[in-house]
Amino acid sequence: MRIPGGKRGAGSRGRSLTLDAPPRAPHLESVTIDGLPRKPVPGASWLRLLPALVMLVLTFGIARTDSPFFFLDWVNLAFHEAGHIFLMPFGQTLHILGGTIMQLFIPLLLVGYFLVKRHPFAAALCSWWLGESLINVATYMADAREMRLELVGGGEHDWTQLFYQFGLLGPESVQTVSSLTHHLGVIVMLAATLWAAGFALPPGTRETIGAQIAERVPLLSRIAD
C-alpha cells in the first residue's frame, strides 16, 4: 500500500515505498495484539451482578426492620395519594383502597412495559420495587390499631377504616394480614434479585435457561431476553 503523499527515500532509487496491507480481522473478537489471539469477551453482563448484590443487601435490611423506610417510599407516597384522587369517583371503599392499589399498580405496570419492550433487566428492577412497595403497605397495615404513623395532612388511617369495614380490625386479623403481605413483599424482592443476578450468566447459559422457562411457562418467555 502506497503512503499517500509519501516522499521517496534517499536510497530508494526511484522506487515507491510500499507496505503490505495487514490481514483483515474476520470479527472484532479475533483482533490480535502482539501476534497473540485475544480471548473472546462474553460481554459486560457480569456488571449486572453488582446491582443484584445491592438489591440482596437492601432486601435483607428492609425485611429485618420493624418499620422500614426506604427512599422509594417517597415515590410510593406520591402514587398512593394520587390513587386516592383517581379512584374518588368510584365509591368510598375504592377511594380509601385507591392509595394502596395505585402504589402497587405503577411498578407492576412498569414490569409489564419493560417486558413488552424486551428490557427484562429493567423489569427485574421494577419487580424489586413492587416487593418493596408491598412491605411499605404491610407496615401501614400493621399500624391499623395503634395508628402511630404520621399521615399526610393528618387524615384518617386507610387500613383502620378498611379493616373495620371488613371486620378484620382484631389484633390477630391485623397481624395475619400484615405479616402475609410483608412475607409476600420479601418473596417478590428475593425473586427479583435472583432474576437480576441471572443476567450475570454467560449469554448462552442465559438463553438456554430462558428457553426452558418459556417452554414450561410461555407467559415468561421474555424474562431472559
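**Helix packing**

Mentor: In this predicted model, H4 passes H6 in a left-handed crossing.

Trainee: What makes H4 roughly antiparallel to H6?

Mentor: Helix H4 (residues 120–142) and helix H6 (residues 171–197) pack with their axes 8 Å apart, at an angle of about 165°. Angles over 145 degrees count as roughly antiparallel, and therefore H4 is roughly antiparallel to H6.

Trainee: How many nonpolar, polar and charged residues are in the contact of H4 with H6?

Mentor: The contact of H4 with H6 has 20 nonpolar residues, seven polar and one charged.

Trainee: Why are H1 and H4 called roughly parallel to each other?

Mentor: The axes of helix H1 (residues 49–63) and H4 cross at roughly 5° and come within 12 Å. The cut-off for roughly parallel is under 35 degrees, so H1 and H4 are roughly parallel to each other.

Trainee: Which residues make that contact?

Mentor: From H1, Pro-51, Met-55, Leu-58, Thr-59 and Ile-62 take part. H4 contributes Phe-121, Ala-124, Leu-125, Trp-128, Glu-132 and Ile-135. By class, the contact of H1 with H4 has nine nonpolar residues, one polar and one charged.

Trainee: Where do the strands come in the order of elements?

Mentor: The chain has two strands and seven helices, and from the N terminus on the order is β-β-α-α-α-α-α-α-α.

Trainee: What share of the chain is buried?

Mentor: Of the 225 residues in the chain, 32% are buried, where buried means under 20% relative accessible area.

Terms used: Residues numbered from 1 in each chain as written. Predicted model: local features only at pLDDT ≥ 70, side-chain atom pairs only at ≥ 80, totals over all residues. Heavy atoms only, no water. Helix = DSSP H or I, 4+ residues; strand = E, 2+ residues; numbered from the N terminus. Buried < 20%, exposed > 50% of the residue type's maximum accessible area, 1.4 Å probe, protein only. Axes fitted to C-alpha atoms, helices over the stretch in contact; angles between N-to-C directions. Parallel < 35°, antiparallel > 145°, perpendicular 65-115°, else oblique. Left-handed = near helix turned anticlockwise from the far one by under 90°. Nonpolar A, V, L, I, M, F, W, Y, C, P; charged D, E, K, R; others polar. Contact = heavy atoms within 4.5 Å.
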